[in-house]
Structure formats: structure tokens, C-alpha cells
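Subject: Structure handover

Hi,

My notes on what I found follow below.

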Amino acid sequence: MVAKHTRFNLDGHGMAPQLMTAQSTAAMRRWSVPVIGTLAALAMLTAPTTGAAARQAHHAQIKEAVASRVAGDPIMAIVSLKSQQVTFYDSDGWILRAPVSTGIRERETPAGVFAIVEKDKDHHSTMYDDAWMPNMQRITWNGIALHGGPLPGYAASHGCVRMPYNFAEKLFDKTWIGMRVIIAPNDAAPVDFSHPALFVPNAEAIAAAPAKAETLAREAAEAAKDADETKKAAKTTARETAPLAASLRKLERLKKRADAELAAADRALGAAKTDLAKTRAEERRQKADAKAKDLGTQFDTAKADATSKRDAAAAAKDAAKTAQAQKTATAKAATEAKLALEPVSVYISRATQTLYVRRNTHKPAPDGGGEVFDSTIEVPVTIRDPNRPIGTHVFTAVARAGAGLRWTAVTIDNGDSAKDALDRITIPQAVLDRIAPTAVPRSSIIISDEPLSAETNYRTEFVAVLSNQPQGGFITRKPTPPTEVVADGDGWDDGFGSLFQPWNTQSAYPRRRQPYRPPQQNWWSSDW
């Protein structure tokens with residue numbers, strides 16, 4: 001009988017075992033001591049360090065888990081960089097949990113607040129030699145994403161969050177564009193939370209919102225049609241009026257020439273001495289007089305006609321302007337009504353003393369990839385003691401609670417408690433009046449010391465990175481090029497017209513806390 005032994009390669013990855021015969025085993029026993037010593041040294045070099053072994057042992061304890069109850073749709077995901085674990089939550093708590101592998105040293109996954117901006121079932125990297133990244137869920141446009149990948153038991157990616165392949169596949173169809181993703185330096189979890197500053201919807205406004213959106217959309221469509229028709233009419237009258245000026249100038253020149261000929265004929269008649277000369281001069285004058293009168297009549301008629309048409313053109317132009325103003329106003333109202341049906345996200349930055357509002361339009365981005373987020377609200381906000389750190393807190397409306405909403409809070413950065421942070425904020429009443437009455441589950445308020453990253457753009461909700469944590473996997477990537485989106489010139493574009501405002505962000509990758517900057521009062525407008 002031939003003895004069989006299993007041998008693993010010395011790189012520690014446990015490649016496929018190979019069978020060895022007893023004869024080869026005996027040959028190994030005949031190896032010289034120096035060779036055995038060399039192999040021992042190699043084994044010591046390739047063995048994991050104590051710290052790495054501990055991390056692998058800890059990671060080995062993290063298993064995929066599914067809540068024993070019936071799970072709802074996920075509302076948020078929290079990645080713990082410390083525990084190398086991701087947990088998904090619905091309105092009642094955690095529902096899915098799995099180990100992950102985040103960024104290695106100098107390619108660290110950035111800690112902060114993000115949202116899913118794109119999903120790709122069969123994604124291949126454009127940065128790393130077409131590497132397969134299945135079930136990719138992007139959270140920044142410069143390349144940070146959650147996706148399926150190998151999990152060696154420790155941080156090993158270049159900045160992305162790798163999840164188990166099967167876990168990523170099962171999860172892919174459950175998430176949604178705009179879903180909150182929190183990457184925390186340490187372990188964090190949502191806790192039930194209440195505070196008078198959190199949005200309280202109006203039951204009547206909520207009930208009336210769908211019908212209101214439908215009515216205003218219809219009115220906007222009618223106004224758009226009327227504006228198009230009046231614009232065409234104005235163009236037609238303007239086109240008809242355009243050649244009149246040239247015709248008038250031509251008739252005026254001819255009339256002046258006829259008048260000059262008549263004057264010359266009058267002089268010739270006065271200078272005639274003989275009867276024959278007088279007869280000829282009189283005939284000449286009569287012809288000149290008839291010509292001058294005829295051209296005078298033509299000129300007067302053309303002038304009156306031109307005046308009438310010019311007045312009509314001016315009236316048509318005014319009508320087109322009025323129709324356009326009505327179109328813009330109804331489009332704005334329809335847009336606001338349509339957005340009122342969507343969850344609203346608010347970001348309050350201590351660094352910029354600014355409040356930003358984002359709502360998903362669900363309209364595909366015009367330059368490809370992702371969806372357009374409305375950003376029409378951006379106003380100064382009052383923060384008490386603005387020079388004192390406030391931390392980073394995420395408040396999420398997870399479900400309806402009677403006539404109100406049930407909220408949770410997640411804190412991922414040191415500063416105030418969640419309650420104290422909200423106590424320091426005064427949200428402008430005009431903003432509350434605009435967004436709070438129709439606030440729905442999945443709405444959120446984020447308070448942070450951080451400015452918005454420059455990776456926040458019209459195709460993202462919010463991207464905010466903790467500046468006191470390593471960001472190697474973020475800052476080493478090529479920043480997303482700034483893209484200026486030009487809305488439809490008429491202010492209406494499939495329900496979402498002039499949505500895009502220039503971003504007032506700090507550096508894309510801040511290295512330290514940003515100093516307090518006074519509010520820029522010119523941001524505020526009473527008619528926003």
C-alpha cells in the first residue's frame with residue numbers, strides 16, 4: 001500500500017494538495033540539514049505576524065448572518081472598518097451581516113457618509129486591469145464601491161469594500177439608488193431617537209401630495225404647450241415683420257427720387273420760354289406728379305401695414321414672454337410637488353455653515369451613469385458655538401409612527417452627542433415649511449463638522465469624508481471631473497428643469513478640520 005500525504009505550498013495560501021508517495025517522503029528525509037534549515041527560515045518569514053494572525057482569527061469569527069425575523073427592505077448599510085464587517089438595517093433593526101475586506105494601508109477605505117449612486121451586476125474595473133467586481137454598488141464616482149470579492153481575513157482592497165461573492169449577489173436586488181451607506185472607523189449601529197427638531201410631516205399634506213403632483217404636472221404640461229405655441233406665433237410674426245423694414249427703405253428712396261423729379265419738372269416749367277417748351281415741361285411735370293403721388297400712397301400704405309405688423313409682433317413677443325413665465329412657474333411648482341413625494345436628505349456642515357438638501361429625481365443623468373439629484377435648496381444655517389466640534393451624526397426616518405415618523409441616530413465621529421448636536425442647530429423656518437410637511441420614511445438629516453466632498457455632484461446624494469481618518473483609497477484616485485449640467489432653456493425637462501446649482505464645497509479630500517467660515521449671506525434668496 002502506498003502512503004499518501006498532503007503538502008501545501010509555502011506562500012500560506014493553501015493551494016490544491018498534491019499526493020506524495022512513500023518513496024518521495026523517504027527522499028525528503030534524506031535532505032541535508034542546511035536545506036531543512038532554509039525551509040524553516042522561509043516558513044518563519046512567510047508566517048503571519050502576531051497582529052495579522054489575531055486579525056485573521058477575529059475575522060474568522062465573523063460569519064454571514066441573516067435575521068431570524070421577516071426582513072423588510074434595507075434602509076442603510078454600516079461598514080465597520082475596525083471589525084471588517086458590514087451590517088444592513090431595515091426599519092426594525094439589522095437584517096443582514098457579513099465580513100468584508102476594506103482598503104490596505106495607504107489605500108484605506110474612507111470613513112464617512114455616502115449613498116449608493118450606481119449599480120452594475122457585472123462590473124469590470126477601469127482602474128485595475130479590467131478586474132471583475134461583481135454586483136458592484138458605487139458610492140463615489142471616483143471609484144469607491146461595495147462589491148463581491150475575495151476576503152483573505154483582513155483589509156486587502158485598494159479602497160473598495162469587498163463583500164462575500166454570494167452575499168453581494170443576494171444583496172444586489174434589495175438595495176436602491178440613494179440608499180445610505182455609512183463607513184464608520186469603529187463599530188456603530190442605529191439607535192431609536194426622538195427630538196423636536198426632527199421633521200414632523202403634516203397628515204393632510206401627505207394625503208394631498210400625490211393628487212397635487214398630478215394636477216400640477218398636468219398644468220405644467222398645458223402651460224408648456226401654450227408657451228410653445230405662442231413662441232411659434234411670435235417667431236412667425238417676427239419673420240413676417242423682418243422684411244418690412246427693407247421694403248419701407250426702398251419705397252422711401254423711390255418716393256424721394258420721385259419728389260426730386262417733380263421738383264425738377266416744376267423748375268423746368270418755370271424756365272420754359274416758348275409754347276412748345278412749356279407744353280413739354282407740363283407733360284413732364286404731370287408724369288412726375290403722378291409718380292410721386294403713387295409712390296407716396298405706396299409708402300404710406302406700407303408704413304401703416306408695417307406699424308400694424310410690428311405692433312402684432314410686439315404683442316406676440318409679450319404673449320410669448322408671459323406664456324414662458326407661466327410655463328416656468330408651473331414647472332417649478334410641478335417639480336416641487338413631484339419631489340415632495342420623495343425622501344428628503346439634509347446635510348448640515350459646521351465647516352461651511354450651510355444646509356444642503358438633496359432629493360432623487362429618478363431621472364437618468366444626461367452624461368450617462370446614475371440618476372440626477374435635485375439640489376435647488378442650499379442656504380446658510382445657524383449653529384450655536386460654531387467653533388466647537390459637533391461630530392458626525394446621521395438621523396434617519398425609518399418608518400411612520402402614527403401621524404409622525406420614527407427616527408434612528410448613528411454617530412460615527414467624536415463631538416457632541418446626537419441630542420446636543422441637534423440642540424445647536426437652527427434650521428431656517430422657510431426650509432422647514434418647504435420640506436417637513438411631506439417628509440416620508442427614508443428621509444434623513446446629517447450633521448457634521450465636515451464640508452461636503454467635491455465628489456458630491458448632481459449625480460450623488462451626499463459624499464462627506466471624515467478628515468481625521470486615513471483616506472488613502474480616496475485621495476489616490478483621480479477626482480471626478482467637474483461637470484456643468486445645463487438645464488433645458490425653457491426651465492422644464494420631463495418634470496425636472498433647472499435643478500442644478502453650483503456646489504460650494506471645500507477641497508475634495510480635506511486633511512484636517514476646516515476652520516469656521518461665516519455664512520455667505522448672498523446665498524439666501526427669499527424666492528428660492
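Ser443 touches Pro343, Val344, Phe395, Thr396, Ala397 and Trp407, leaving aside residues up to four places away in sequence. Bear in mind that this is a predicted model. Ser443 sits in a loop, between α9 (429–435) and β22 (444–448). Its relative accessibility is 0%, so Ser443 counts as buried; the cut-off for buried is under 20%.

Next, strand β12, residues 180–184. Five of its five residues are buried, so β12 is largely enclosed by the rest of the structure. Which way do the residues of β12 point? Arg180, Ile182 and Ala184 point one way, and Val181 and Ile183 the other. Both sets are buried, Arg180 included. In a regular strand, side chains alternate between the two faces of the sheet.

β12 has these strand pairings:

- β4 (residues 76–80) runs parallel to β12, joined by five bridges. Met76 has Arg180 as its bridge partner in β12.
- β7 (residues 112–115) runs antiparallel to β12, joined by four bridges. Phe114 stands opposite Val181 of β12.

Best wishes

Conventions. Residues are numbered from 1 along each chain as its sequence is written. This is a predicted model: local features need pLDDT of at least 70, side-chain atom pairs count only at pLDDT 80 or more; totals for chains, interfaces and linings use all residues. Side-chain values use heavy atoms; hydrogens and water are left out. Helices (H or I, at least four residues) and strands (E, at least two) are DSSP runs, numbered from the N terminus. Buried means under 20% relative accessible area, exposed over 50%, partly exposed in between (1.4 Å probe, protein chains only). Contact means heavy atoms within 4.5 Å. Two strands pair if DSSP finds at least two bridges between them.
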